[in-house]
Amino acid sequence: MADSLALHFQPGKSLLHRFDPRLKTLSLLIVSPSIMIAWPAGLMILSLVLTAAASRTGLNWRAVVHELRYFGLLLLAVFLSRAVFTPGRTMIGVGSIHLTDSGIFSGFIICWRLVLVAVAGLIYAATTRPKEIRAAVEWLLAPIPGIPEKRLGVMIGLIVRFIPMILDQARETMAAQKARCVECRKNPYYRLTRFAMPVLRKTIKLADRLVMAMTARCYNEAGTPPAMRIRPNDWVAFGVVLVVCIILIFSNPGNV
Amino acid sequence: MNIIEVTDLSHRFVDGTQALAGINISIDRGEFVVVAGPNGSGKTTFFRHLNGLLHPGKGSVTIAGVPVHKDPVLARQRVGMVFQDADMQIVGETVYDDVVFGPENLGLGRDEIERRAVHALAAVGLSGLRDRRPHLLSQGEKRRLAVAGVLAMQSEVILFDEPFSNLDDSGVCQVLEQMLRLHKNNHTLLIATHDLEKVIYHADRLILINSGRIVQDGPPAVILPEVESHGVRMPCALRFEKEVSSWLIH
């Protein structure tokens, strides 16, 4: 249960919780690419800002770290590949594998950027109700012709709602198969098909029942839109985000 | 006055199975009706016709004088349904979001939606959990949330499809107490179950369905001695020649 709680909305009244979801979503969309081109000075400033923000989210950071342990493996792989394959002066050498100084620096910077993007995303998810995320996505997509933004918004909402259930079903199926010694089967194809088919079947059945339940409650796309209002404080907060983005961009010597 | 009128209702599934055949029934406002029958007898299909989720192959269903097929949205508003698996019914990302799902679909104003949500959550005792994710609720709480979703639509009639399945004793008591409160507040209740033990004491009327047909309809005291001939287990007290009592008495 704790793992289900770690990466989701945490009720609260902090500044970030009160930040208009549309501007907050837009901020995340602007900050993320800015992080990916920032250098250490900018990353350090952002790290301080995000640490302050993170302390207000109400997230259980130990549970978050546990949940993102596989992300750590990805970071390690990125770091090693950069450290080994980037040309430069050899710092550590084992056999034919050499970690270069510029490779270590480059790997470190990229991992730092990825961690900050992940933390920004987590803070966003922890301080924004799924319903608000949905409304913000609808708002952002509305000007683009040919995109059914309301339908997409409902799909996002349902995905957020039903991912835990699908994961639970997958866990139950896995447990039921383990109880019948599926681990004795060494053929991964056999195990994958025996696992995937029942989960898929249950998921489709779930979708079918969901349609029935939504119809029973008069679902349509012309319902009451969510109430949202951008206040002066939201514009101030958005301005701060823009300033941080400018700092991030110009912390890279290549952009000065 | 009758709120539900069902006349010669029949339903056949696409695979040819005859789910309902010649159902005729009237339900008065404020009645507490238990619809019992073995698995696959047609209880859920019958309920889905009352809620406008299915349309009759033959016959008609009328809610407060309006045929369901003419205005299914009105039927769904007047007749709320609590599904057997509450997990399937809950579509909101939080408790509050789920309760307002129906009123938002009806296009109500934001103030009215808020008023209804506050009232519905208070009625089922979930006011303190409005920001909780439904996935984290107990089974009893999930079923109460499903009821709140129906209450927020201000349905006069509430259908419960196998309301006690997958519930522990505390969950059963929570749901049963909720039903009694709804009945006291003049809601018409129809409960589909094969487990009479838990609810029959409170019912005004018992309808037995078997193989898609109504085989008995009347006061529980008259029908209960015959239920086992239709595949429904008799309440334990009757086996010992005692009177049936409320499940809420421990």
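Tutor: What follows starts with the sheet in chain B and then turns to a helix and a hairpin in chain A. The model is predicted.

The sheet is open and has 6 strands, in the order β6-β7-β8-β3-β9-β10 (chain B), with mixed pairing. Its edge strands are β6 (79-82) and β10 (213-218) of chain B, each of which pairs on one side only. On average, neighbouring strands are turned by 20 degrees against each other, direction ignored.

β6(B) pairs in the parallel sense with β7(B), residues 157-161, over 4 bridges. Within this pair, Val157(B) of β7(B) is the residue opposite Val79(B).

Two helices of chain B pack on the sheet. Helix α1, residues 43-50 of chain B, touches β3 (32-36), β6, β7, β8 (188-193) and β9 (205-210) of chain B. The direction of this helix makes about 155 degrees with that of β8(B). Helix α7 of chain B, residues 169-184, touches β3, β7 and β8 of chain B, and its direction makes about 150 degrees with that of β8(B).

Now the other end of the sheet. β9(B) pairs with β3(B) in the parallel sense over 4 bridges, and with β10(B) in the antiparallel sense over 5 bridges. One residue of β9(B) can be followed across both pairings: Ile207(B) is the bridge partner of Val35(B), and Asp217(B) in β10(B) is the bridge partner of Ile207(B). The hairpin of β9(B) and β10(B) has 2 residues between the strands, and Ser211(B) there has a positive phi near 50 degrees. Because 5 of the 6 residues of β9(B) are buried, this strand is largely enclosed by the rest of the structure.

Strands of a sheet pair through backbone hydrogen bonds, in either the parallel or the antiparallel sense. Chain A has an antiparallel pair as well: β1(A), residues 90-94, and β2(A), residues 97-100, are joined over 4 bridges. Thr90(A) stands opposite Thr100(A) of β2(A). These strands form a hairpin with 2 residues between them, and Gly95(A) in the turn has a positive phi of about 60 degrees.

β2 of chain A also takes part in covering a helix. Together with α7 (101-127) of chain A, it is included in what covers the buried residues of α6(A). Helix α6(A) covers residues 69-85; at 1.5 Å a residue its 17 residues should span 24 Å, and the end C-alpha atoms are 25 Å apart, which agrees. Leu75(A), Val78(A) and Ala83(A) are buried in α6(A). Seen down the axis, the buried residues of α6(A) fall within an arc of 125 degrees, so they line one face of the helix. An α-helix has 3.6 residues a turn, so residues three or four places apart point the same way. Tyr70(A), Leu73(A) and Phe85(A), on the other side of α6(A), are exposed.

Last, the cysteines. The count of disulfides over all chains is 0. Cys236(B) is in no disulfide, and the nearest cysteine sulfur, that of Cys173(B), is 17 Å away. Cys236(B) is partly exposed at a relative accessible area of 34%, whereas Cys218(A), at 5% relative accessibility, counts as buried.

Methods: Residues numbered from 1 in each chain as written. Chains lettered and ligands numbered in written order. Predicted model: local features only at pLDDT ≥ 70, side-chain atom pairs only at ≥ 80, totals over all residues. Heavy atoms only, no water. Pairing = 2+ DSSP bridges. Axes fitted to C-alpha atoms, helices over the stretch in contact; angles between N-to-C directions. Contact = heavy atoms within 4.5 Å. Disulfide = S-S within 2.5 Å. Buried < 20%, exposed > 50% of the residue type's maximum accessible area, 1.4 Å probe, protein only. Expected span 1.5 Å × (residues − 1). Arc of directions from axis to C-beta.
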